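Please look over the structure first.

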Amino acid sequence: MIAVSEPEFSQVNDLSTASLLRYLRGRGWSPSRDYGRGQLWVLTASDEPGDPYEVMVPLDRGPRDYADRVADLLETLSAVEARRPADVLREMSLPSADWQFLRLTPPGPSGTAPLVELVPALAGLRDLMTAAAAAEAAPEPQPVQPANKPQVVKDHVSSVRLDQTRVGSYVVAVHTPLPGGPAQGSLFDHDSREEPFARRVTRKLYAALICAREAADLSIRDDELADFTRFALGGLSANLCEALVKIGGEDGPGFSFDFTWSPDLPVEQPTRRIGLAPPQLAALDAGAKDLRARLGRRDMTLLGSVVRLHRELPYGAGAVTVAGYFEDRDDSRPRRVRMTLDHHDYGKAAEAHRRGDEVLVRGDLVALGNAPRLDNVRSFIVRRMSE
């Protein structure tokens with residue numbers, strides 16, 4: 001057992017009893033007996049025989065030995081979790097948060113990871129959080145999410161924090177702070193709108209990972225690609241599948257996710273580890289490509305300038321070419337896109353060309369070699385450069 005150092009001891013007196021209880025609840029401890037000024041809490045380790053672990057939690061900060069009692073608690077938790085007291089103390093001081101633990105199993109000594117594998121995995125983790133937040137923020141399921149995300153999604157991803165790695169092969173710890181407030185909901189209850197957005201995103205992430213594994217298993221079982229759109233309501237998207245594939249890396253051994261929910265906003269269902277092996281990641285890669293091929297070109301938004309106009313008669317529909325880029329795609333390559341506009345929109349295009357204004361066009365992208373075309377134009381908006 002590692003003793004609490006003097007600098008750590010000077011900090012324990014600042015810990016509130018609420019912080020102590022929150023930490024214990026979040027890690028599976030439960031109260032066993034009340035002694036008035038203290039409570040006995042126990043933890044039964046499912047993989048270890050023998051009596052449960054016990055700690056005494058001081059509930060009154062008044063006595064002079066409060067810091068001593070908290071120090072004893074820290075030393076016991078340090079031994080149980082095989083972590084330094086300083087790490088436990090720092091985590092106790094954090095605000096209420098949901099935690100996710102990405103467990104990688106790269107080759108090499110435990111607790112290390114090759115840089116060339118870890119960097120893509122972290123980028124994939126960021127994309128995964130973005131996809132989950134975008135799925136929760138969208139008014140309806142999006143099997144293929146647009147590249148431009150709402151500000152609430154960007155703000156959420158900015159709030160996600162990486163913590164110190166944990167004991168294991170290589171465990172990346174992530175936590176999302178939650179605002180205070182009493183609320184309790186079912187893990188898959190998407191009508192619990194009183195919950196903060198951050199919690200709803202974490203629930204969406206958990207549900208989406210379950211859907212991803214089920215869609216992959218279905219594809220493997222039937223030896224043919226499943227229809228991934230069936231799982232879009234649960235948060236599955238091409239974007240989320242691509243993020244998972246990026247985390248897995250090329251020829252990687254797979255990975256798993258564990259979830260720990262803030263005890264301030266408890267959930268009712270148990271949360272099991274979700275693992276993805278190489279065959280499942282291969283199925284997810286195929287599913288993402290299928291979704292993009294079938295749905296990824298619908299309802300695209302093109303921003304650019306009119307560079308060519310042509311029609312046989314001075315009235316009616318005409319052909320227009322717009323040079324610009326698609327706001328919905330992750331790549332911002334400039335393109336020259338053809339389209340056919342009705343009489344009214346053709347007139348707007350001609351005026352935009354004369355004035356040098358930008359146009360915003362929404363329709364379905366059809367790729368024809370090096371000459372992409374936009375069909376089913378739903379809207380044609382002119383943006384005056386003077387505005």
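Which residues lie nearest the centre of the largest cavity? They are Arg22, Arg27, Glu91, Pro95 and Trp99, out of 14 residues in the lining. The model is predicted: local features need pLDDT of at least 70, side-chain atom pairs count only at pLDDT 80 or more, and totals for chains, interfaces and linings use all residues. Residues are numbered from 1 along each chain as its sequence is written, and side-chain values use heavy atoms, with hydrogens and water left out.

**Cavity and pockets**

On a 1 Å grid over the protein atoms alone, a cavity is a set of points where a 1.4 Å probe fits but cannot get out. A pocket is an open set with protein on both sides within 12 Å along at least five of seven lines. Lining residues have an atom within 4 Å of a point. Grid points are joined across faces, edges and corners, and a volume is the space filled by probe spheres set on the points.

The structure holds one cavity of 30 Å³ or more. Helices α2 and α4 and strand β4 each give two or more residues to the lining of the largest cavity. The largest share, four residues, comes from α2. Helices (H or I, at least four residues) and strands (E, at least two) are DSSP runs, numbered from the N terminus.

| Site | Volume | Lining by class |
|---|---|---|
| Largest pocket | about 1,200 Å³ | 17 nonpolar, eight polar, 11 charged |
| Second largest pocket | about 720 Å³ | 12 nonpolar, five polar, 11 charged |
| Largest cavity | about 130 Å³ | eight nonpolar, three polar, three charged |

Ala, Val, Leu, Ile, Met, Phe, Trp, Tyr, Cys and Pro count as nonpolar, Asp, Glu, Lys and Arg as charged, and the others, Gly among them, as polar.

The largest pocket is lined by 36 residues. Gly26, Arg27, Gly28, Phe101 and Thr260 are the closest to its centre. At least two lining residues come from each of α2 (17-26), α3, β4 (97-104) and β7 (255-260).

The second largest pocket has 28 lining residues. Val144, Gln145, Pro146, Arg298 and Asp299 lie nearest its centre. Its lining takes two or more residues from each of α5 (115-137), α9 (278-295) and β9 (300-310). Helix α9 gives the largest share, three residues.

**Helix pair**

Helix α3 (residues 66-81) packs against α4 (residues 85-92) at about 110°, with axes 8 Å apart. Axes are lines fitted to C-alpha atoms, for helices over the stretch in contact, and angles run from 0 to 180 degrees between N-to-C directions. So α3 is roughly perpendicular to α4 (65 to 115 degrees). Leu73, Leu74, Leu77, Ser78 and Glu81 of α3 meet Pro85, Val88, Leu89 and Met92 of α4. These contact residues divide into seven nonpolar, one polar and one charged.

**Single residues**

Ser256 is found in strand β7. Ser256 is buried, at 9% relative accessibility (under 20% relative accessible area, 1.4 Å probe, protein chains only). Beyond four places in sequence, Ser256 is in contact (heavy atoms within 4.5 Å) with Phe101, Leu102, Arg103, Arg273, Ile274 and Gly275.

Most residues other than glycine have a negative phi. Asp223 has a positive phi near 55°. Asp223 sits in the loop between α7 (197-222) and α8 (238-248). Asp223 is exposed, at 71% relative accessible area (exposed means over 50%). Asn376 also has a positive phi, near 50°. Asn376 belongs to strand β13 (residues 373-383) and counts as exposed at 54%.

Technical notes:
Parallel < 35°, antiparallel > 145°, perpendicular 65-115°, else oblique.
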